[in-house]
Amino acid sequence: MATELASKQLASMDARGRMSFPAVFRNILGDVLYLTQDSDDKGCVIVYSEDGYSEYCRSMREGLSPYDASMVMTYIGSVTHMVEPDKMGRITVPEDLCKFAGMTSGSVAVVGAGGYAEIWDKERYERFCEKNNEMVRAMILRKRKQMPASTEG
């Protein structure tokens, strides 16, 4: 079973998009990171492992005609970048992804989101949380109420 990523780490990003990618995430995601636009309209950069990116691509092709799958994959391929952290754990987030996510030099939040990590402009992340945390907590509560009672002690 794959390890699920969790926690929030703050990092600094310079004007060229260079940042130290947290070791806690690098150790799980591996030596090659796949950076791409989020597909949920949140406005962040998604960071996949090699296996995670393959699964993402497979899920995006699923149920599509060959033509539509080809079109989707051409787009995804054009907004995805493979990066390797240097010996100090630094990566460069490409300019197009920084622009997509509204990231400029300054503070970014790197958030573990289960099977992948997200890189956010810190202020955008805080606004996202302010706007959505109450709704998400309500979804979690509804989900918990639907789950069968645990028989474990």
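Colleague: What conventions apply to the model, and how many helices and strands does the protein have?

Modeller: In this predicted model, local features need pLDDT of at least 70 and side-chain atom pairs count only at pLDDT 80 or more, while totals for chains, interfaces and linings use all residues. Residues are numbered from 1 along each chain as its sequence is written, and side-chain values use heavy atoms, leaving out hydrogens and water. Helices (H or I, at least four residues) and strands (E, at least two) are DSSP runs numbered from the N terminus. From the N terminus on, the order is β-β-α-β-β-α-α-β-β-α-β-β-α, which comes to five helices and eight strands.

Colleague: What percentage of the residues in the protein is buried?

Modeller: Buried denotes under 20% relative accessible area, exposed over 50%, and partly exposed in between, with a 1.4 Å probe and protein chains only. The C-alpha trace spans about 50 × 40 × 30 Å along its principal axes. Of the 153 residues, the buried share is 36%.

Colleague: Which elements do the buried residues of α2 pack against?

Modeller: The buried residues of α2 are G52, Y53, Y56 and C57. Seen down the axis of α2, they fall within an arc of 135 degrees and so line one face of the helix; the arc is that of the directions from the helix axis to the C-beta atoms. With contact defined as heavy atoms within 4.5 Å, the packing partners of these residues are β3 (33–37), β4 (45–48) and α3 (66–78).

Colleague: Which exposed residues does α3 carry on the face turned away from its buried side?

Modeller: The buried residues of α3 are A69, M73 and I76. Down the axis of α3 these residues fall within an arc of 60 degrees, so they line one face of the helix. They pack against β3 and α2. The face turned away from the buried side carries the exposed residues Y67 and T74.

Colleague: How far apart in space are M13 and V108, C-alpha to C-alpha?

Modeller: M13 is found in strand β1 (residues 8–13) and counts as buried at 4% relative accessibility. Leaving aside residues up to four places away in sequence, the residues that M13 touches include R18, V93, C98 and V108. M13 and V108 are 95 residues apart in sequence, yet their C-alpha separation is 6.7 Å.

Colleague: Where does D41, which has a positive phi although it is not a glycine, lie?

Modeller: Most residues other than glycine have a negative phi. D41, however, has a positive phi of about 65 degrees. D41 counts as exposed at 76% relative accessibility, and its place is the loop between β3 and β4.

Colleague: What is the phi of S7?

Modeller: S7 is placed in the segment before β1. At 34% relative accessibility, S7 counts as partly exposed. S7 is not a glycine, but its phi is positive, at about 110 degrees.
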